[in-house]
Amino acid sequence: MEKMKENIFKRFFKSKRRVVFIIIILAVGILGWRYFASKRNGEVETAKVEKGVVREELILSGEIKAVEYANLAFQTSGELDFLDIKEGDEVKKGDILAKLDTTNLYQAFLSADADLRRYQASLNKTYDDVQGHVRDESFTQIETRTVAETNKDKAFRAYEIAQQNLANATLKAPFDGIVTSLTYPFTGVNTVFSQPQIELVNPATIYFDVSADQSEVIKFKKEQKVVIVLDSYPDEEYLGTISYISFTPKAGEVGSTYKVKVSFRDLNLHFNEVRVGMSGDAKIILSEKEDALFVPAKFVKSDTKGRYVNFSKKNNKKYVVVGIEGEERVEITGDIKEDDIVYD
């Protein structure tokens, strides 16, 4: 019985393999027949010679960053006592965003202020005592005056430090921008020294950041035209220009790689669209020509005599002069005109 089952399974798998093999042969045969039939029927791909803009581009990947971007942190630890913002709020430069509890810091400031007034008064009295003795000041008088002056200087420095510590308990907006993140969106929590509290970005300063190697960067110049296509909006093009090319290579990169900043044009139109961190491609325009005759790149062929296009289904070669070569369009000149039909 078991042997019979085994034979049945073997026959089944053998027949299954035969079916798969036959299907593959039929598929290849159909494809071959369609190919040769299309050749007999003259189904050859064609294109029209057109007139328009032809660009030579260098495409580099990158992402959106912002010049004015900051993670704000207190320079001292303490309890978060005041928070006047939430994520998404727009703020102006100098706005007070958050404060720590300043009870102890304010008392230290008042103490330093009192010491400063005390030592200033002592110094004024000392000056009054030694006045008139500029030429015959004794060593005792010099010592008394010097002690009073240094005491006042130390009190002033302590006052400055206490004042700065009090100021450091307040976070102010260093530029106009949008609050993009809050570590603690509530008060009453203890914060740690230098821990980031508020993330702030100025959308007006965003740019597209790309890296170029040493063979590419020499082709760039400031104000060079760039077309940016973001992965989030593949059907939309954003115009930009190169605003900065680094003079030194980026640290930590393999080989010599240089930072290139591309500034957006008409940025106000895109505040609600683009975001920091969005990736995409920058098409840097190396050369551009308007009203140029062009055909799709695949229709320009070459042989030992030069570059040519086919002007009939029988491979009638017509040699042309190639100008700007883009990824999709190639400029051609010669014995051709607009609306001529070329064949692949």
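Reader: Which residue is the bridge partner of Ile64 in strand 11?

Author: Phe208 is the bridge partner of Ile64 in strand 11. The model is predicted: local features need pLDDT of at least 70, side-chain atom pairs count only at pLDDT 80 or more, and totals for chains, interfaces and linings use all residues. Residues are numbered from 1 along each chain as its sequence is written, and side-chain values use heavy atoms, with hydrogens and water left out.

Reader: What makes strand 2 and strand 11 a pair?

Author: Two strands pair if DSSP finds at least two bridges between them. Strand 2 and strand 11 (residues 206–213) are joined by five bridges, so they pair, and they run antiparallel.

Reader: How many bridges link strand 2 to strand 15?

Author: Strand 2 (residues 50–66) and strand 15 (residues 279–296) share 13 bridges, so they also meet the definition, again in the antiparallel sense. Within this pairing, Leu58 stands opposite Ile284.

Reader: What is counted as a helix or strand in the protein chain?

Author: Helices (H or I, at least four residues) and strands (E, at least two) are DSSP runs, numbered from the N terminus. The protein chain has four helices and 21 strands.

Reader: Which element has the lowest mean pLDDT?

Author: Helix 1 (residues 2–40) has the lowest, at 55, and strand 6 (residues 96–100) the highest, at 96. pLDDT is the predictor's confidence in each residue, from 0 to 100. Where pLDDT is low, the predicted coordinates should not be read in detail.
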